[in-house]
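Please keep the sequence and the coordinates in view while reading.

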Amino acid sequence: MGPGQESVWDYPRPPALRRSTEHVTVVHGGLVVADSRSTWRILETAHAPAYYIPADDVRTDLLVASRTTTVCEYKGRAAHASLAVPGRVPVADACWWYPEPTGEFADMRGAICFYPQRVDRCTVDGEVVVPLASPFYGDWPTSRIAGPWKGSPGTEWW
């Protein structure tokens, strides 16, 4: 682990919700879809952080509700949306959020997380997030994080 890095193996399980003032952006089709300095980070053992962006900082006019729902044993039932940027093919299930998160995650109600591997670019404090190979996890790995973490080939069953 290098200087200033966080190890995903030091993150808790069950996961923890933490406020962040890091500058987070999501860009797709040349449009800034999300831009925030007031996000939520989910920290969970063996995972890079996932950044949840307040809906007020997201171009929700570009989101189209999906029929997809998923369930997290800690956060509850998630809703998903596709991203419809003019002039681009819509991106199915580009993001998700928890309309009624459970327990200690209640504060992040409605905050939206994008899959970095489904949009053109996500950044944290100017650093481009390296999208995971896995289509399932929506974590946001950067050089500040030390792994290995789930989402690489062969890690799905950790």
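Is Arg88 buried, partly exposed or exposed? Arg88 counts as partly exposed, at 37% relative accessibility, where buried means under 20% relative accessible area, exposed means over 50% and partly exposed lies in between (1.4 Å probe, protein chains only). The structure is a predicted model, in which local features need pLDDT of at least 70 and side-chain atom pairs count only at pLDDT 80 or more, while totals for chains, interfaces and linings use all residues. Residues are numbered from 1 along each chain as its sequence is written, and side-chain values use heavy atoms, with hydrogens and water left out.

**Salt bridges**

- The count comes to 8 salt bridges, each defined as a side-chain nitrogen of Lys or Arg within 4 Å of a carboxyl oxygen of Asp or Glu.
- One of them joins the side chains of Asp120 and Arg88, at 3.0 Å from N to O.
- This pair connects distant parts of the chain, 32 residues apart: Asp120 lies in the loop between β10 (112-114) and β11 (121-124), and Arg88 in the loop between β8 (76-83) and β9 (91-97). Strands (E, at least two residues) and helices (H or I, at least four) are DSSP runs, numbered from the N terminus.
- Asp120 is partly exposed, with a relative accessibility of 44%.
- A salt bridge also forms between the side chains of Arg41 and Glu22, at 3.9 Å from N to O.
- Here too distant parts of the chain are linked, 19 residues apart, with Arg41 in strand β5 (residues 39-43) and Glu22 in the loop between β2 (16-20) and β3 (24-28).
- Arg109 and Glu100 meet through their side chains in a salt bridge of 2.9 Å, N to O.
- Arg109 is partly exposed, at a relative accessible area of 47%, whereas Glu100 is exposed, at 55%.
- Glu6, Glu22, Arg41 and Arg144 belong to one network, joined by salt bridges that share partners.

**Cysteines**

- The model contains 0 disulfides, a disulfide being a pair of cysteine sulfur atoms within 2.5 Å.

**The four-stranded sheet**

- An open sheet is formed by 4 strands in the order β7-β8-β9-β10, with antiparallel pairing; two strands pair if DSSP finds at least two bridges between them.
- The edges are held by β7 (63-72) and β10, each with a single partner strand, so one side of each has no neighbour in the sheet.
- On average, neighbouring strands of this sheet are turned by 35° against each other, direction ignored. The axes are lines fitted to C-alpha atoms, for helices over the stretch in contact, and angles run from 0 to 180 degrees between N-to-C directions.
- The antiparallel pairing of β8 and β9 comprises 4 bridges; Ala79 stands opposite Trp97 in β9, and Ala81 stands opposite Cys95 in β9.
- β9 and β10 pair in the antiparallel sense over 3 bridges, and Trp96 has Cys113 in β10 as its bridge partner.
- Because 6 of the 7 residues of β9 are buried, β9 is largely enclosed by the rest of the structure.
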